[in-house]
Amino acid sequence: MPTVSYVTPQTRNILASLASLLIYLALSVLFFGRSLAGHLSNFHVGTGTDPSVMMWMLAWWSHAIGRRLNVFVTHAIWAPSGFNLAWATCIPLAAWVSIPLTRIFGPVVSYNLLCLIAPALASWTAFILCRYVTKSFWPSLLGGYIFGFSSYMLGQMFGNLAHLLVFPVPLVVYLVVRKLAGEIRTASFAMLLALVLVAQFLLTIEIVATMTMFGAMAIALAISFTSGDVRSRVLRLIAPILAGYAIAVVLLSPYLYYLFAFSFPHQPMWSLAAFSGDLLNFVIPTRLNVLGRVGAFESISNRFLGNAYEAGGYLGLPLILIAAIFARYRWREPLGKLLIDSLIIICVLSLGPLLHLAGKPTIGLPGKLLARLPILDNALPARFMLYAFLDLAILTSIWLATSSTKSASKYAISVLAVLFLTPNLSAGFWIAPVDTPAFFLDGTYRTYLAPDETVVILPYGFRGNSLLWQAGTDMYFRMAGGYTGIVPPEFECWPIVDAIYAGVYLPDADLQLKAFLANHDVSAVIVSDPEEDAWRPLLSTFGVTPVDVGGVSLYKIPPLQLAAYKGQTPLDLERQADSTRFDTLVVAANKYLERTGALAGLTPPVAYRLGLLPADWLVGPPVPPYYFSQGSELRLDKGLWIGPWINGEASVGVEGSYDAIRPLIDKYRGSASQIFFPYPEQLSGTSEKAGGSALLVMVFDRVQLSRAAARIEALSSRPAVDPRLGRSLLPEHDCPTPRPPRIATTPSTPPDAITHSSLST
């Protein structure tokens with residue numbers, strides 16, 4: 001008799017799941033990786049300097065584990081003090097899994113493969129969830145695509161690998177839904193949930209925090225509008241979920257120890273308002289999507305806050321239509337109400353503390369409450385759209401599998417939803433070349449540097465890819481710098497770090513740099529060839545001849561040359577810099593007033609162009625325009641404030657710590673008519689409690705300003721005005737017009753001062 005083959009339902013499910021995974025992988029390679037074929041080590045997914053951070057993390061874990069080092073505390077960057085990586089996006093799970101690839105092919109290849117796999121994995125786990133809910137393949141395949149290739153995921157594709165690896169999120173929902181249906185025993189559920197939570201925690205902490213918040217919200221909503229047996233089952237979920245979290249805490253205890261046992265940031269690292277969604281972004285795509293390249297859309301999306309990579313709120317009209325149809329017919333059902341209500345809440349919170357329309361702030365929103373919560377005060381609201389897309393994935397798959405809408409219309413809307421979400425189809429849009437100089441690639445560094453020698457690499461920090469260059473050498477040398485999102489307090493307090501990291505105005509930069517190098521045991525400065533000309537004026541003060549080799553200029557500094565600067569404190573150097581800057585601004589304002597009769601239009605860049613600020617106060621190349629986007633950590637006025645006040649008065653200010661600017665306050669207390677610190681608050685007895693760096697602003701009438709300037713010039717032994725007065729020092733595009741500060745004004749703060757004097761903290 002002929003053999004009858006029989007495929008079990010379980011086998012069919014496995015085959016369907018594998019087929020979906022292969023489809024998602026093919027789409028990921030097609031969209032993002034086709035230009036990487038044959039160039040996996042020469043190009044990388046993403047642009048800017050964020051990818052170098054992820055590649056460094058992959059290399060660090062391989063290096064540290066191989067040498068049995070403490071994986072959480074590194075001295076390879078921010079040397080000699082080092083850095084606690086528990087508070088950085090250190091992606092340990094991804095690094096562990098890819099150690100074989102990293103050791104054989106290097107961190108660039110590992111990073112590229114992880115970036116291509118991440119959308120496919122996210123889509124696949126969302127497919128598994130949707131397949132369980134709908135029991136239908138094609139609707140679930142669409143649901144997985146909506147989640148894994150969402151606008152949120154497209155934005156993170158530009159270098160934020162940690163926030164691409166979100167495949168555990170749908171698995172958490174999958175486990176909860178199965179437990180709610182009584183298909184998993186309590187002990188098994190708690191352990192499985194703990195393992196998934198641990199996996200997500202070891203990829204990025206922020207996602208665990210926001211997932212917990214929205215998960216608690218969903219349970220609270222479900223309890224509020226269910227009754228009887230359904231409510232009882234929901235309530236019975238709470239204990240095993242808490243047990244899962246408790247087990248996860250135990251498993252993560254070594255990590256948590258380093259997270260909280262040492263110093264950690266108590267202030268928000270990012271501006272929530274600056275990285276919030278824009279209401280128009282729900283229907284207006286950015287250049288991440290193929291439709292975003294339409295001129296009319298691009299002109300609007302360019303005004304969204306933050307940058308295009310965090311503007312991940314685009315849903316598209318077809319997906320919004322699906323949600324509306326679903327809401328009309330299913331909102332009164334418990335599941336439908338949960339999905340719709342959750343979607344609305346998530347979208348509102350993603351808009352942040354203020355409602356923005358094409359970049360313009362309007363009214364306050366509930367999102368401002370999140371700024372008061374620990375950990376969540378560092379969660380960027382725009383990233384909440386991850387959960388909106390998971391909600392929409394479930395919602396769409398249910399609608400497609402069960403809707404009574406005519407099949408033709410249903411499938412037409414589904415196809416349009418896919419088309420509207422299609423990524424930018426330019427292959428080169430998603431990748432960038434690896435810019436590592438030959439000095440680091442071919443081993444030349446071994447000839448000129450000793451193992452663990454401490455160096456400074458320019459461009460510094462996030463302005464360049466020094467992390468990737470170091471990673472390529474397997475951490476052969478140490479750097480007195482880095483890019484970890486947080487600048488350690490031990491470095492942040494040095495004025496020269498602000499100058500070379502963020503491009504602020506700094507007097508006596510050569511002396512400041514030598515003191516910094518001496519106190520951080522730096523013996524060499526390495527400058528990439530494209531920036532060597534810009535840094536030469538500053539570095540020539542070392543009096544050493546640079547070695548030009550392998551695409552870099554190497555300045556080896558004899559220890560005796562820096563010995564005299566050893567022991568100088570950053571506080572003394574900051575006081576010196578702040579005093580010089582403030583005095584020069586007072587003289588500059590007076591000179592400008594004498595020449596023009598009014599201070600209208602005077603800003604720090606204008607003063608610089610006119611020669612009212614010395615030419616050597618700006619070091620290195622101009623900061624790229626990309627970093628001048630709203631919400632950037634850079635300040636457009638580079639730490640200074642100068643301009644008009646009401647009634648023809650003048651306002652002058654500098655940014656600094658209270659200990660550094662206290663001598664300035666004492667010096668000018670009797671000369672200024674008003675003193676604000678931290679601005680916009682009036683100076684008071686509690687001002688000294690202002691944490692970190694803040695803005696000092698003093699107001700002078702014309703007589704006060706003239707007298708103060710005369711005293712400064714009389715006591716100064718060098719010209720207070722640059723001899724090139726009146727000549728433009730930089731091309732116009734190098735001195736962008738600063739924007740108003742992101743600080744709410746008080747009734748005593750005149751509009752003119754806000755318009756013409758800018759500081760963004």
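**A walk through the predicted chain**

The buried residues of α23 are P495, I496, V497, A499, I500, Y501 and A502. Buried here means under 20% relative accessible area, exposed means over 50%, and partly exposed lies in between (1.4 Å probe, protein chains only). The model is predicted: local features need pLDDT of at least 70, side-chain atom pairs count only at pLDDT 80 or more, and totals for chains, interfaces and linings use all residues. Residues are numbered from 1 along each chain as its sequence is written, and side-chain values use heavy atoms, with hydrogens and water left out.

Stay with helix α23, residues 495–502. It is mostly covered, with 7 of its 8 residues buried. Its cover includes β7 (454–458), α22 (489–492), α24 (509–519), α25 (529–539) and α27. Contact means heavy atoms within 4.5 Å. After α23 comes G503, with a positive phi near 75°. Helices (H or I, at least four residues) and strands (E, at least two) are DSSP runs, numbered from the N terminus.

Now step back to the whole chain. It holds 31 helices and 15 strands. Of its 761 residues, 57% are buried. Among contacts between residues at least 6 apart in sequence, 76% join residues at least 24 apart. The accessible surface comes to about 31100 Å², and carbon and sulfur atoms account for 63% of it. These areas come from the Shrake-Rupley method with a 1.4 Å probe; for residues, only the protein chains shown count as cover.

Next, the sheet. Four strands form an open sheet in the order β12-β13-β15-β14, with antiparallel pairing. The edge strands are β12 and β14 (674–676), and each pairs on one side only. The twist averages 15° from one strand to the next. Two strands pair if DSSP finds at least two bridges between them. Strands of a sheet pair through backbone hydrogen bonds, either parallel or antiparallel.

Take the strands in turn. In β12 (residues 640–644), 5 of the 5 residues are buried, so the strand is largely enclosed by the rest of the structure. β12 pairs with β13 (residues 650–656) in the antiparallel sense over 5 bridges. I642 has V652 of β13 as its bridge partner. The two strands form a hairpin with 5 residues between them, and N647 in the turn has a positive phi of about 60°. β13 also pairs with β15 (residues 694–700), antiparallel over 7 bridges. There, A650 stands opposite F700 in β15.

Helix α27 (residues 570–596) packs on this sheet and touches β12, β13 and β15; its direction makes about 165° with that of β13. Helix α29 (residues 658–668) lies across β13 and β15, at about 10° to β15. Axes are lines fitted to C-alpha atoms, for helices over the stretch in contact, and angles run from 0 to 180 degrees between N-to-C directions.

Finish at helix α1, residues 9–33. Its 25 residues reach 35 Å from first C-alpha to last, close to the 36 Å expected at 1.5 Å a residue. That expected span is 1.5 Å times one less than the number of residues. Buried residues in α1 include A16, Y24 and F31. Their cover includes α5 (107–134), α6 (137–148), α7 (151–156) and β6 (431–433).

S140 sits in α6. At 0% relative accessibility, S140 counts as buried. Leaving aside neighbours within four places in sequence, S140 is in contact with Y24, F127, C130, R131, T134 and S397. A polar atom of the S140 side chain lies 3.3 Å from the backbone oxygen of C130.

Definitions and conventions: Polar contact = N/O pair within 3.5 Å; in protein donor to acceptor, adjacent residues only side chain to side chain.
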